[in-house]
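Hi,

Here is the structure I promised to pass on.

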Amino acid sequence: MSNTSKKSVSKPVQTHSGHTDLVRGIAYLPGGKRLVTCSDDETIRIWDVDNDEEVGTPMSHDGWVRAVAVTRDGKNIISGGLDEVLKIWDVETYQLIEEHSIETVERDVNSICFSPDGTKLASGHDDGSIRVFDVQDGDLILGPIDGHAKHVLSIVWSFDGSRLFTGTWDTSIRSWDSETGEAIGEPWTGHTHYVNYLALSPDGTKLASASGDNTVRFWDADSG
């Protein structure tokens, strides 16, 4: 009799198919019954979690869609991508509400996130810059903030709203004052390849980073 134990194989509970190219971003709508995805097929789509079906009609950009976020009240979706604009969509009608151009060089939108109170939107761009917009009227209220040498791939707001964290193609992570745009301390270094994703621990004290160097690292959110 073999002593080799069988390894359990995890299987997905559900699979949603509909995009025709790489899926770049995903976010739940409040309540957890629907989720939003964005893709290199230039579309944003909404899915019903319970019945595995796409809801409504796809929303589109003129280029890959790299980032998507949902407002706190669940009424609007904000998306950004290679067509150099941020678009605001109505969740129920799937119609474009507003479109805001990003005026800078090499300004593709890679990452977006809302402030904890939902009044501001931060975006990270290919030119290494960060911008902060007023959600209500779309005005640029901070930036461009420069400090990275290459693409900003991930951006996260601290839970108290005082700081922004960015991960980039230049392999570094930085912390920023979200009111002034000033860098807090020196860049956090250690990764040897681009930093794809950042995530805060539930208590906000640790920042996790995922990198193209095949590692996940954990940092003190205050000191790095």
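Predicted model: local features only at pLDDT ≥ 70, side-chain atom pairs only at ≥ 80, totals over all residues.

The chain is split into domain 1, residues 19–103, and domain 2, residues 104–223. Going by C-alpha atoms, their centres are 21 Å apart. Where they meet, 20 residues of domain 1 are in contact with 20 residues of domain 2. The size of an interface is often quoted as the accessible area lost when the parts come together. Here about 1,600 Å² is buried between domain 1 and domain 2, and carbon and sulfur atoms give 62% of that.

What about charges across the boundary? The count between the two domains is 1 salt bridge. There is a salt bridge between the side chains of Arg 66 and Asp 126, at 3.3 Å from N to O. As for polar contacts, 3 residue pairs turn up across the interface of domain 1 and domain 2.

Which elements give two or more residues to the side of domain 1 that touches domain 2? They are β5 (65–70), β6 (76–81), β7 (85–90) and β8 (96–101). With 5 residues, β5 gives the most to that side. Sorted by class, this side of domain 1 has 9 nonpolar, 5 polar and 6 charged residues.

Residues 58–99 are 60% strand and 0% helix, with the end C-alpha atoms 17 Å apart. Residues 145–186 come out at 55% strand and 0% helix, and there the end C-alpha atoms are 15 Å apart.

One of the side-chain pairs that form a salt bridge is Glu 92 with Arg 34, at 3.2 Å from N to O. This pair ties together distant parts of the chain: Glu 92 sits in the loop between β7 and β8, while Arg 34 belongs to strand β2 (residues 34–39), 58 residues away.

**A few single residues**

Gly 204 is in the loop between β17 (195–200) and β18 (206–211). Leaving out residues up to four places away in sequence, Gly 204 touches Phe 159 and Ala 221. Gln 95 is 109 residues from Gly 204 along the chain, and their C-alpha atoms are separated by 35 Å.

Two spots in the backbone are worth a look on screen. Most residues other than glycine have a negative phi, and most peptide bonds are trans. The peptide bond from Gly 143 to Pro 144, however, is cis, with omega near 5°. You will find Pro 144 in strand β12 (residues 140–146). The other spot is Glu 42, a residue other than glycine with a positive phi, near 75°. Glu 42 is in the loop between β2 and β3 (43–48).

That's the lot from me.

Cheers

Note on methods
Residues numbered from 1 in each chain as written. Heavy atoms only, no water. Domains from an automatic or database assignment. Contact = heavy atoms within 4.5 Å. Buried area = accessible area lost by both parts, 1.4 Å probe. Salt bridge = Lys/Arg side-chain N within 4 Å of Asp/Glu carboxyl O. Polar contact = N/O pair within 3.5 Å; in protein donor to acceptor, adjacent residues only side chain to side chain. Helix = DSSP H or I, 4+ residues; strand = E, 2+ residues; numbered from the N terminus. Nonpolar A, V, L, I, M, F, W, Y, C, P; charged D, E, K, R; others polar.
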